[in-house]
Amino acid sequence: MPEHLSDTQIAIYGGGIAGALLAKTLSRDFRVTLVDPSEYFEVPMAAPRSLVKAEFAEHSVIPFAKALPGVNHIRGTLVELRPDGGLVELHDGRRQVVKGRVTVLATGSVFSNSLMRAIGGASVSERKAFYVSYQQRIEASQRILIVGGGPIGVEVAGEINEHHPQKSITLLEGGPRLLAGTSEAAAAHAAKVLKERGVKILVNERLQRADSTSADVLAPAGEALTERGRRIPYDLLIWCVGGKPNTGYMKAHFASALNAAQRIRVTPQLRMVGSDTVFALGDITDLDENKMAWHIASQVKNAAYNIRAVLTQSANSRRLRAHKPQTGNPMMAITLGSRNGVLHLPVVGVVRSPAFSRMAKAGHMLVPKYRKALGV
């Protein structure tokens, strides 16, 4: 039988941006338990640079013990959300049921490999060692094929090109253009900069097969074949395809709360449909907005307010806050290495200034912002 942990007011599953920032905010006044398979918070925007410059992870990978000293961190994975709590598989293989008065689901996305997030969790030293190994793999490769022209693929291409301009880089995108989530003008500028720097961009062309799988990030050299019959030999194949919502734990008892895309249906107050005490944030929700960190801050702020109201039994005496989704908002900040980039900002539109890009993101990948938010 699994052990039970009930001495917590708030149980948060997932230690990404949404989960970690919410835990930091609420732990000042409540007993908070955070469940996450890794022992650290990682600034996700920094990953493309850490892949190429491993020492960058020294500041972007922050132990939970340091970032969230007032939070009880359980190193484990939510495997089943049950009416009596969350069944968690611990790092040592044991199982435990975690139950709080309020449950927060912030489990993010599942990726096919460890480029953006360690599969199955990792220690701080393991994550940093991964970046060292990947940097060495990039340095040893001359022909690099990147599959996926979304933000991750474009930023990885920019980082590698800046540090290794002599390498042959091909960026393969199945859709009609790069960066489908932002404006055409911003995407066109990013493509223009990369092309001028020697990156080969192929759009409307999907990968049919390759000699390595997306899960094997350190696979040896091989050849890729596109649906158009193009053969692309590579020394390193980098899969930068998007993740899928991490909601498999819902299927046993709460499948009805999932939409067709397996995202959790939430009310305007960010509560899971059908529940007053289960909240959901981030990538896993059915909110009609780009699944990007830009939009997380307002979700965390509104959820924190509503959770406080629920726990202080004032939910009925005052109106809970409604989150307004950023539907159709093309806001995006894309780096093209540490010295260039492009932004699409509300009202302003497309900003092509390298100096502004460096100040806004490219120079630091938002690491100082999140370190400050976590008080480290």
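Start by selecting His189, which sits in helix α7 (residues 184-196). The model on screen is a predicted one. His189 has a relative accessible area of 13% and is buried, because the cut-off for that label is under 20%. Show the residues around it: leaving out those up to four places away in sequence, His189 touches Gly341, Val342 and Arg352.

**The whole chain**

Zoom out and colour by secondary structure. The chain has 10 helices and 22 strands. Its radius of gyration is 21 Å, close to the 21 Å that the globule rule gives for 376 residues, so the chain is as compact as a globular protein of that length. Along the principal axes, the C-alpha atoms fill a box of roughly 60 × 50 × 40 Å. Buried residues make up 55% of the 376 in the chain. Among contacts with a separation of 6 or more, 64% are between residues 24 or more positions apart.

Next select Gln9, in the loop between β1 (3-5) and β2 (10-13). Is Gln9 buried or exposed? Gln9 is buried, and its relative accessible area is 14%. To see what surrounds Gln9, display Phe30, Arg31, Gly100, Arg101, Val102 and Leu311; these are its contacts once neighbours within four places in sequence are set aside. Then draw a distance between the C-alpha atoms of Gln9 and Arg101: the value is 5.0 Å, although the two residues are 92 residues apart along the chain.

Move to residues 207-210, which are strand β14, and 231-234, which are strand β16. Together with β15 they form an open sheet of 3 strands, in the order β14-β15-β16 and with antiparallel pairing. β14 and β16 stand at the edges with a single partner strand each, so one side of each has no neighbour in the sheet. Neighbouring strands here are turned by 25° against each other on average, direction ignored.

Now select residues 222-226, strand β15, which pairs with β16 in the antiparallel sense over 4 bridges. Which residue of β16 stands opposite Glu223? Pick Pro233, which is the residue facing Glu223. In general, strands of a sheet pair through backbone hydrogen bonds, either parallel or antiparallel.

**Aromatic rings**

Show the side chains of the aromatic residues. The structure holds 3 aromatic pairs. Phe41 and Tyr370 form one that is tilted, with 6.5 Å from centre to centre and 45° between the planes. Phe41 belongs to strand β4 (residues 40-42) and Tyr370 to helix α10 (residues 367-373), so this pair ties together parts that are 329 residues apart in sequence. Phe41 and Tyr370 are both buried.

Then select Phe130, Tyr131 and Tyr134, which form one aromatic cluster.

**Arginines over rings**

At the first stop, select Arg49 and Phe56: Arg49 lies over the face of Phe56, 5.5 Å from the ring centre. At the other, select Arg321 and Tyr305: Arg321 lies over the face of Tyr305, at 4.0 Å from the ring centre.

Conventions:
Residues are numbered from 1 along each chain as its sequence is written. This is a predicted model: local features need pLDDT of at least 70, side-chain atom pairs count only at pLDDT 80 or more; totals for chains, interfaces and linings use all residues. Side-chain values use heavy atoms; hydrogens and water are left out. Two strands pair if DSSP finds at least two bridges between them. Helices (H or I, at least four residues) and strands (E, at least two) are DSSP runs, numbered from the N terminus. Axes are lines fitted to C-alpha atoms, for helices over the stretch in contact, and angles run from 0 to 180 degrees between N-to-C directions. Buried means under 20% relative accessible area, exposed over 50%, partly exposed in between (1.4 Å probe, protein chains only). Contact means heavy atoms within 4.5 Å. Rings of Phe, Tyr and Trp (its six-membered ring) pair if their centres lie within 6.5 Å; planes under 30 degrees apart count as stacked, over 60 as edge-to-face and the rest as tilted. A charge sits over a ring if NZ of Lys or CZ of Arg is within 6 Å of the ring centre and within 35 degrees of the ring normal. The radius of gyration is taken over C-alpha atoms; the globule rule is 2.2 Å times the number of residues to the power 0.38.
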